[in-house]
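Okay, thanks everyone. Let me put the structure up, and then I'll talk through some helix packing and the overall build.

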Amino acid sequence: MTDKPTVEDFATDWDHTDPTWVHDPYPIWDDLRQRCPVAHTTRYGGGWFPTTYEDVTTIAKDTDHFTSRTVVIANGRPTEEAMPAPIGVSPPISSDPPFHAIARKVVLPAFAPGVINGYEPTIRALCVDLLDQVRGQEFINASSQYAQYIPSGVIRRLLGFPEDDVDLFLKFVHVVLEGIDHSVDERIEEFAPIEAYIVAQMEDHMAHPRDDLTNYLLNVEVEGERLAPEHVFGTIILTLIAGIDTTWSALGSAIWHLASHPEDLARLVGEPDLLPMAIEEFLRFYAPVSMARLVKHDMEYLGCAMKEDDWILLGFPAANRDPLVFEDADTFIIDRAENRHVAFGLGIHRCAGSNLARLELRVALEEFIARYSSFELVDPDAVTWSQGQVRGPRSIPLRVTASTGRE
Amino acid sequence: MMAPEIFGFDDLGNGVVLDDGTLDAASLERARLAQANCPEHAIFIDE
């Protein structure tokens with residue numbers, strides 16, 4: 001770990017791992033939106049943080065001036081050796097046009113609603129099983145005993161990886177997304193076991209083919225040719241990382257909100273049909289994911305003197321709090337009817353797994369509320385949050401105050 | 001999804017308009033709500 005000075009002014013020295021930001025970023029973003037609105041930092045080798053809906057969406061759609069060669073801010077920039085632009089290390093999220101369209105078309109059929117909806121019984125069984133494991137307990141941890149095991153269990157099945165390896169995936173996710181202030185050498189060392197694990201899984205799937213996403217990626221052909229092994233590897237990494245931390249965070253934030261807002265919990269218990277609308281507001285208000293871009297060339301953009309390879313932190317969660325677009329933007333409105341949020345990003349890199357995420361959120365919240373009609377935080381200060389580009393509660397100690405005792 | 005009587009998906013999961021997209025008064029209201037919720041601004045209504 002590197003010892004970093006605490007941030008004094010986020011407008012000129014922002015850091016998304018600073019303890020103040022990790023604890024509660026929203027006042028920081030509201031302040032920056034009013035006075036910058038694009039903040040700068042010299043940390044991580046230099047970067048920019050747009051905070052308005054307009055600026056965030058403009059950059060998200062602008063693939064001429066920004067590259068997605070890497071989407072997670074770290075101290076080092078990716079080298080061109082392993083998988084050069086426009087492919088990148090984890091296609092399609094790391095790919096630029098024109099290759100991006102090819103890589104995205106490969107994954108989209110696997111995440112289309114018609115396919116994803118078929119997972120509902122599996123997801124429900126997983127949720128019920130997790131709740132059964134804590135049956136009768138007054139104290140539970142909604143993050144470490146529930147939320148984290150739903151997307152990780154689903155992605156494990158999707159990829160066809162061994163059941164016992166779920167805790168290993170959670171460790172991988174932590175390394176990739178939260179170890180970002182480690183040195184380049186530390187990052188390489190930390191990544192080695194993840195690489196070895198996935199290569200071993202690919203080999204096992206080649207030797208023993210089955211019907212899952214891994215074998216689909218190994219076999220799928222684009223213009224008569226199979227994908228390069230590095231491409232398959234990268235898309236598996238993407239599925240593993242982007243499919244777990246994100247939904248875990250969104251689900252955790254939703255349960256945390258309900259635990260601290262009994263009026264919203266009571267409303268959902270009484271009006272279960274409201275859930276899909278409430279989920280959109282959870283996604284807007286607690287959007288977990290910020291993406292990154294790199295500036296392609298030196299340029300003046302949005303009034304900023306951007307340099308080649310400067311980072312852009314694409315704060316979709318900050319855009320979702322922009323009062324120019326959302327009425328009472330800093331108020332959670334459980335039945336907000338007009339909600340053009342960008343929690344899944346937008347443009348060519350819009351989340352390919354949004355249908356799966358929404359399904360997991362709906363089923364996991366339905367089952368949780370069906371089991372517990374009333375619950376509260378044991379201690380609000382005991383809730384801990386992840387750091388970096390995916391924000392969510394990592395520990396949510398709850399006291400169950402009314403359980404349906406459903407068998 | 002919003003207004004499933006108006007919108008569906010193709011095999012890639014991209015949104016498509018079902019039928020020829022002609023709307024009656026009730027579904028027009030639902031289409032307007034879907035339009036107001038589309039982050040891509042991809043829904044257009046001709047009147």
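So, in H11(A), Ile198, Val199 and Met202 of chain A meet A:Val232, A:Phe233, A:Ile236 and A:Ile237 in H13(A); a contact here is two residues whose C-beta atoms, placed from the backbone, lie within 7 Å. By class, that contact has 7 nonpolar, no polar and no charged residues, where Ala, Val, Leu, Ile, Met, Phe, Trp, Tyr, Cys and Pro count as nonpolar, Asp, Glu, Lys and Arg as charged, and the others, Gly among them, as polar.

Quick housekeeping: this is a predicted model, with local features needing pLDDT of at least 70 and side-chain atom pairs counting only at pLDDT 80 or more, while totals for chains, interfaces and linings use all residues. Residues are numbered from 1 along each chain as its sequence is written, with chains lettered from A and ligands numbered from 1 in the order in which they are written.

Back to that pair. H11 of chain A is residues 184-207 and H13 of chain A is residues 229-260; their axes come within 10 Å and cross at roughly 115°. Axes are lines fitted to C-alpha atoms over the stretch in contact, and angles run from 0 to 180 degrees between N-to-C directions. Helices are DSSP runs (H or I, at least four residues), strands likewise (E, at least two), numbered from the N terminus. The crossing of H11(A) and H13(A) is right-handed, that is, the near helix is turned clockwise from the far one by less than a right angle.

What does H13(A) do with H17(A), residues 354-371? They pack at about 35°, axes 10 Å apart, and this crossing is right-handed. H13(A) brings residues including A:Thr246, A:Ala250 and A:Leu251, and H17(A) residues including A:Glu360, A:Leu361 and A:Phe368. The tally for H13(A) with H17(A) is 9 nonpolar, 2 polar and 1 charged.

Now the other chain. 10 residues of chain B are in contact with 15 residues of chain A. On the chain B side, the largest share, 3 residues, comes from helix H1(B), residues 25-37. That side divides into 6 nonpolar, 2 polar and 2 charged.

Last, the build of chain A. It has 17 helices and 14 strands, and its C-alpha atoms fill a box of roughly 60 × 60 × 40 Å along the principal axes. Of the contacts in chain A with a separation of 6 or more, 70% are between residues 24 or more positions apart. That's me, thanks.
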